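Visitor: Could you walk me through this one and tell me how the labels are decided?

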Amino acid sequence: MKFFVDTAEIKDIAELNDLGMVDGVTTNPSLILKSGRDIIEVTKEICSIVSGPVSAEVVAMEADAMIAEGRKLAEIAENIAVKLPLTWDGLKACKVLSDEGKMVNVTLCFSANQALLAAKAGATFISPFIGRLDDIDLDGMDLIEDIRTIYDNYGFETQILAASIRTVGHVRECALVGADVMTAPPEVIRKLATHPLTDKGLEQFMKDWAKTGQKIL
């Protein structure tokens with residue numbers, strides 16, 4: 001499963017990328033505006049750090065305007081994936097931009113039917129929002145499983161990009177049910193390396209080693 005990092009913070013992206021933990025980046029205008037910098041400038045810098053897909057989101061709501069914005073965003077770098085909302089206009093824009101050879105990430109997916117439409121429109125990625133479904137007492141993983149089954153049944157090449165990942169449990173479950181990609185905040189990715197028994201084991205190891213009085217260096 002590929003790891004995308006969901007942030008616009010350059011420091012976090014660079015650190016995780018150096019560790020080989022970043023296969024791509026998802027951003028949105030709200031995340032970038034928190035940095036106080038120009039959207040195009042920040043997106044270009046992210047694309048220079050990460051070789052994988054970098055999602056850049058349109059803000060228009062009508063298909064023609066989405067297409068125009070998508071074309072402009074795609075000019076930033078070759079690894080831009082134009083992020084479009086899962087609306088009828090978004091699907092129209094997806095079809096046009098994907099036919100032009102541009103990567104498209106269709107976002108705000110909350111049903112298997114929506115994911116089916118996105119795949120038929122040629123989306124590179126479909127982004128089901130796990131955490132937001134959990135918020136309304138639905139199981140987001142059920143949606144990932146349904147989409148996986150449908151895509152496998154009919155040979156769709158659209159990649160399932162699990163979004164709204166909030167816990168390390170979400171990451172494990174996405175890997176188990178077959179998501180192609182998951183995108184999570186930097187702090188969630190870092191937490192994947194932690195476990196209380198690892199900490200306890202290291203603490204005991206250091207106590208035992210200290211008793212030997214020996215040094216490696």
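Visitor: How do you know that Lys-83 is found in a strand?

Guide: Lys-83 sits in strand 4, which covers residues 80–85. Strands here are DSSP runs of E with at least two residues, helices are runs of H or I with at least four, and both are numbered from the N terminus. Keep in mind that this is a predicted model, where local features need pLDDT of at least 70 and side-chain atom pairs count only at pLDDT 80 or more, while totals for chains, interfaces and linings use all residues. Residues are numbered from 1 along each chain as its sequence is written, and side-chain values use heavy atoms, with hydrogens and water left out.

Visitor: Why is Lys-83 called buried?

Guide: Its relative accessible area is 7%. Buried means under 20%, exposed means over 50%, and partly exposed is in between (1.4 Å probe, protein chains only), so Lys-83 counts as buried.

Visitor: What does Lys-83 touch?

Guide: Leaving out residues up to four places away in sequence, Lys-83 touches several residues, among them Thr-26, Asn-28, Glu-57 and Asn-105. A contact means heavy atoms within 4.5 Å. Also, a polar atom of the Lys-83 side chain lies 2.9 Å from the backbone oxygen of Thr-27.

Visitor: Which feature does UniProt place at Lys-83?

Guide: The unreviewed UniProt entry puts "active site" there. UniProt positions are given in the numbering used here, feature names are shortened, and annotations may be inferred rather than shown by experiment.

Visitor: What makes the phi of Ser-164 worth a look?

Guide: Most residues other than glycine have a negative phi. Ser-164 has a positive one, near 55°. Ser-164 is in the loop between strand 7 (159–162) and helix 9 (168–177), and its relative accessibility of 18% makes it buried.

Visitor: And why is Leu-108 called partly exposed?

Guide: Its relative accessible area is 32%, so the label is partly exposed. Leu-108 lies in strand 5 and has a positive phi of about 60°, although it is not a glycine.

Visitor: Which residues lie nearest the centre of the largest pocket?

Guide: They are Asp-6, Asn-28, Phe-129, Arg-132 and Ser-164, out of 19 lining residues. On a 1 Å grid over the protein atoms alone, a pocket is an open set of points with protein on both sides within 12 Å along at least five of seven lines, and lining residues have an atom within 4 Å of a point. Strand 5 (residues 103–109) gives the largest share of that lining, three residues.

Terms used
On a 1 Å grid over the protein atoms alone, a cavity is a set of points where a 1.4 Å probe fits but cannot get out, and a pocket is an open set with protein on both sides within 12 Å along at least five of seven lines; lining residues have an atom within 4 Å of a point. A polar contact is a pair of N or O atoms within 3.5 Å; within protein, one must be able to donate a hydrogen and the other to accept it, and residues adjacent in sequence count only if both atoms are side-chain atoms.
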